[in-house]
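These are my notebook entries on a single protein model.

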Amino acid sequence: MVVFVWTNRGKTNERKAGGLHVKDSFVVDTSALLSWPLTELNGAIMVQSQVKELERHSPARAEMVEAIGVIISEPNRNSISSTSMVAMETGDMGGLSDTDLHLVAMAYERKCVLVTDDYRMQNLSERMGVRWRSVNSDGISEVWIWKVRCVGCGRAFDSPESPTKRKDSIGECTYCGSDLKLRRE
Ligand SMILES: [Zn+2]
C-alpha cells in the first residue's frame, strides 16, 4: 500500500519516503524543466542529455533554464548500477530511456526529490525509496511489476539489462518476430 499526499505542486510520496523538508533539492525531468516556474528551478539538478532534449522542445526555454542556474550533473557508476538492478526487478527497464534511468539514479544518490510524470520512473522510485513528485498528472497509486511479452506468441522474456531508446517496442521476439512489449504482471 502506497501512501501519498497532495502538495500545491501535485501528488507526491514524500511523507512516506522521508518526510517533508523545508528546503528540498529537486532532480527534474524534462517535463518539469518545460513547465515549472523558473524561480523554482533555481538549484534544481538535471543531467547532460536533457540539454539537447530541452533545446529540441524549446530553444528559448533551454536558454532560460541555463540562465536561472539549473545544475547539470551525472550520477556515479554505483548509483546507476543499483538503479539498473532494481529496474530489472520491477521490469521498468524496458520502458526507460538512458536519461530516465540517470535521473532516478541521481535522485537516489543525492537523496533528492525526483520531479516527474513518468509512471515508470515513479514506480522505480517507489521501489528504491526515492521521494518523487508529479508535475501535471496524478501520478501512480500502486507499485507495478512489468513483464516483457511477445504480442504475437505471448512468450515471456527477461527484462533488458539496459535502457532502450524506443518507448513503443522493446525489440522483436526471437521465435516469431513480433514486437515485444511491457505488460503488467
Ligand atoms: Zn513471439
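The entries below go from the whole chain to single elements and residues.

**Entry 1. Basis.** I worked from a predicted model, in which local features need pLDDT of at least 70, side-chain atom pairs count only at pLDDT 80 or more, and totals for chains, interfaces and linings use all residues. Residues are numbered from 1 along each chain as its sequence is written.

**Entry 2. Whole chain.** I recorded eight helices and 11 strands; helices (H or I, at least four residues) and strands (E, at least two) are DSSP runs, numbered from the N terminus. Of the 185 residues, 37% count as buried. A residue is buried if 20 or more other C-beta atoms lie within 10 Å of its own, exposed if 12 or fewer, and partly exposed in between, with C-beta atoms placed from the backbone. I then looked up contacts, meaning residue pairs whose C-beta atoms, placed from the backbone, lie within 7 Å. Among contacts between residues at least 6 apart in sequence, 60% join residues at least 24 apart.

**Entry 3. Helix 8.** I asked how many residues of helix 8 are buried. Eight of the 10 residues in helix 8 (residues 119–128) are, so the rest of the structure largely encloses this helix. The buried set is Arg120, Met121, Gln122, Asn123, Leu124, Ser125, Glu126 and Met128. Their cover includes helix 6 (77–90), helix 7 (98–110), strand 6 (113–115) and strand 7 (132–133). Just after helix 8, I noted a positive phi of about 70° at glycine 129.

**Entry 4. Helix 6 against helix 8.** The two axes come within 10 Å and cross at roughly 110°; axes are lines fitted to C-alpha atoms, for helices over the stretch in contact, and angles run from 0 to 180 degrees between N-to-C directions. Helix 6 is therefore roughly perpendicular to helix 8, a label that covers 65 to 115 degrees. From helix 6, Thr83, Val86, Ala87 and Thr90 meet Asn123, Leu124, Arg127 and Met128 of helix 8. The residues of this contact divide into four nonpolar, three polar and one charged. Here Ala, Val, Leu, Ile, Met, Phe, Trp, Tyr, Cys and Pro count as nonpolar, Asp, Glu, Lys and Arg as charged, and the others, Gly among them, as polar.

Entry 5. I found an open sheet in the order 9-8-11-10, with antiparallel pairing; two strands pair if DSSP finds at least two bridges between them. Strand 9 (156–157) and strand 10 (171–172) stand at the edges with a single partner strand each, so one side of each has no neighbour in the sheet. Strand 8 (residues 146–150) is joined to strand 9 by two bridges, and arginine 149 has alanine 156 as its bridge partner. Five bridges join strand 8 to strand 11 (residues 179–184), where valine 148 stands opposite leucine 182. The hairpin of strands 8 and 9 has five residues between the strands, and glycine 154 takes a positive phi near 80° there.

**Entry 6. Tryptophan 146.** Four of the five residues of strand 8 are buried. Tryptophan 146, in strand 8, counts as buried because it has 20 C-beta neighbours inside 10 Å. Beyond four places in sequence, its contacts include Thr90, Asp92 and Leu182. The C-alpha atoms of tryptophan 146 and leucine 182 are 6.0 Å apart, across 36 residues of chain.

**Entry 7. Lysine 111.** I located lysine 111 in the loop between helix 7 and strand 6. Although not a glycine, lysine 111 has a positive phi of about 55°. Lysine 111 is partly exposed, with 14 other C-beta atoms within 10 Å.

Key:
Two residues are in contact if their C-beta atoms, placed from the backbone, lie within 7 Å. Angles under 35 degrees count as roughly parallel, over 145 as roughly antiparallel, 65 to 115 as roughly perpendicular and the rest as oblique.
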